[in-house]
Each structure stands twice: as structure tokens, then as C-alpha cells.
Amino acid sequence: RQRTAELVRNNETLQAEIQQRRQVEEAILESEKRYRLIVETAEEGIWVMDAENRTTFVNRKLAELLGYRANAMLGRSLFDFMDEAGRAIAGATAAHGWQGEAQQRDFKFRRPDGTELWAQLATSAIIDDEGRYVGALAMVTDVTQRKQAEEALRQSEGHHRELFHQACLMQEKLRNLSNRILFAQEEERKRISRELHDEVGQSMLVIRLYLEMIHGSLPDEAKHLAPKLSETQNLAEQTIRE
């Protein structure tokens with residue numbers, strides 16, 4: 001009877017352990033189901049890579065962003081989804097892994113149809129129990145529209161800088177033209193002054209002298225012309241002064 005009782009107790013203990021293990025397994029399965037549901041319905045892409053940047057997991061959102069099927073991305077390097085320009089932007093950060101503190105950077109990818117995808121990767125290193133770097137987890141957000149807006153703004157600023165530069169050049173040209181016009185005007189004033197002094201002025205001086213000679217040698221029968229001659233002499237003197 002003791003042996004039977006012991007067997008019964010052992011069986012009950014075994015059944016309890018089995019039940020407990022089943023409950024734990026069910027809880028794990030339920031947790032995994034919830035986790036997978038969260039991962040697969042996330043609005044952000046999820047990218048898991050090993051230490052060599054080879055893809056070990058992607059969720060549906062990331063596959064859609066890059067234009068691939070999820071299973072077609074597995075085992076492929078991060079750089080397989082970039083062109084030369086994208087690899088240059090990735091630089092040493094991605095080439096040497098994502099070790100250290102969490103990082104957040106923008107990368108440029110190339111879809112199979114040739115279109116570009118700008119994405120922000122918020123990465124965290126995956127460290128094993130022995131403290132070794134074994135890969136990285138990245139949360140991926142599409143920032144293509146932001147990048148396009150930034151590029152449009154940069155081009156607009158460049159266009160306005162060019163317009164401002166052209167306006168400054170035009171202003172400088174106008175300033176130089178104005179200076180040349182002022183110089184030409186001044187030269188023309190000097191030329192006119194010289195002509196008036198050297199030609200007209202000299203002619204008026206000769207006229208005045210002739211008038212004085214005539215006025216001083218008037219015969220008696222022409223004395224009535226003396227007032228007119230004096231008036232003409234005064235007019236000649238005034239003209240010379242002006």
C-alpha cells in the first residue's frame with residue numbers, strides 16, 4: 001500500500017509539473033503571438049541584423065517600404081538595398097556595426113523599381129550573455145517626404161542666393177555705369193567750359209574790343225550811334241562774365 005501511495009503521489013506530482021509546464025508553454029505561445037501581432041502590425045519597419053549586417057528578421061512594414069517580400073530579404077546585407085550613393089551616406093557607421101549607444105541616422109535605400117527611400121534608422125546593439133556584440137535591432141521610419149522637402153528648400157535657398165548674387169552684380173554694374181556717366185558728364189562740362197573760354201569767350205572779347213575801337217573813333221555825323229554802341233559794349237561785357 002505504501003508503494004502504491006508513493007506511486008500515486010509521484011504521478012500526481014508529475015501531472016502537476018506537466019500541467020504547470022503546459023501552462024508556461026501556453027503563456028509563452030500567447031506572449032509570442034501577441035509579440036508577433038505587435039511586430040507585424042507596427043507602423044514602423046523592424047529590421048534585425050547580425051554582427052555582419054546580414055538580415056535575420058524584417059516585419060511586413062519594412063518589406064513594404066523597401067518593395068521586397070520579407071523572406072527575400074533574409075540573409076542579405078544591409079548594403080544590398082543601397083546604391084553607391086546610399087553606401088557612401090551609410091559610411092563607416094553601418095560598415096563597422098552598430099555597437100555602442102543607440103544611434104539615430106538617415107539612410108538612403110534603393111527599391112527594386114529604382115525609386116529612392118529615405119529612412120531614419122533608430123538602432124540598438126544586441127549583446128549576448130557574454131557581453132559580445134551579435135547584431136542590431138533597428139526601428140525604421142520613412143522620411144522620404146521630409147528629405148524631399150529639405151531638398152526643395154535647399155534648392156529654393158540656392159535659387160534665391162543666386163538671384164541675390166545676380167542682383168548684387170547688377171547693382172554693381174549700375175553703380176559703375178552711374179560713375180561712368182558722372183565722369184562723362186564732368187568731362188563734357190570741362191569740354192564745354194574750355195570751348196566757351198577758348199572759343200566763344202575769345203570771340204566775345206574780340207567783339208568787345210572792336211566795339212570800343214568803333215565807339216572811340218565815331219565821326220561827328222555818327223555820334224547818334226554812341227548810346228547803342230555803349231549798350232552793345234555792356235551786353236558784350238556781361239556775356240563774357242557769364
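**Close-up views of the predicted model**

View 1. Leu196 is placed in helix H5 (helices are DSSP runs of H or I with at least four residues, strands are runs of E with at least two, and both are numbered from the N terminus). This is a predicted model, in which local features need pLDDT of at least 70 and side-chain atom pairs count only at pLDDT 80 or more, whereas totals for chains, interfaces and linings use all residues. Residues are numbered from 1 along each chain as its sequence is written, and side-chain values use heavy atoms, with hydrogens and water left out. Because its relative accessibility is 47%, Leu196 counts as partly exposed (buried is under 20% relative accessible area, exposed over 50%, and partly exposed in between, with a 1.4 Å probe and protein chains only). When residues up to four places away in sequence are not counted, Leu196 touches Gly201 and Gln202 (contact means heavy atoms within 4.5 Å).

**View 2. Packing of helices H5 and H6.** Helix H5 (residues 144–216) packs on helix H6 (residues 226–241) at about 160°, and their axes are 9 Å apart (axes are lines fitted to C-alpha atoms over the stretch in contact, and angles between N-to-C directions run from 0 to 180 degrees). H5 is therefore roughly antiparallel to H6, a term for angles over 145 degrees. Residues making the contact include Met204, Leu205 and Arg208 of H5 and Ala226, Leu229 and Ser230 of H6.

**View 3. The largest nonpolar core.** This core has 24 residues, and those with the most contacts inside it are Trp47, Leu66, Met73, Trp98, Phe109 and Leu121 (a nonpolar core is a set of buried Ala, Val, Leu, Ile, Met, Phe, Trp, Tyr and Cys residues joined through side-chain atoms within 4.5 Å). Two or more residues come from each of strand S1 (45–50), helix H2 (60–66), strand S3 (103–110), strand S4 (116–127) and strand S5 (133–142). Leaving aside neighbours within four places in sequence, Met73 contacts Trp47, Thr55, Val58, Leu62, Ala63, Leu66, Tyr68 and Phe81. Another core, of seven residues, lies apart from the largest one and has Met204, Leu211, Ala222 and Ala226 among its members.

**View 4. Asn53 in the loop between S1 and S2.** Asn53 lies in the loop between S1 and strand S2 (55–58). Although Asn53 is not a glycine, its phi is positive, at about 65°. Asn53 counts as buried because its relative accessibility is 3%.

Key. Angles under 35 degrees count as roughly parallel, over 145 as roughly antiparallel, 65 to 115 as roughly perpendicular and the rest as oblique.
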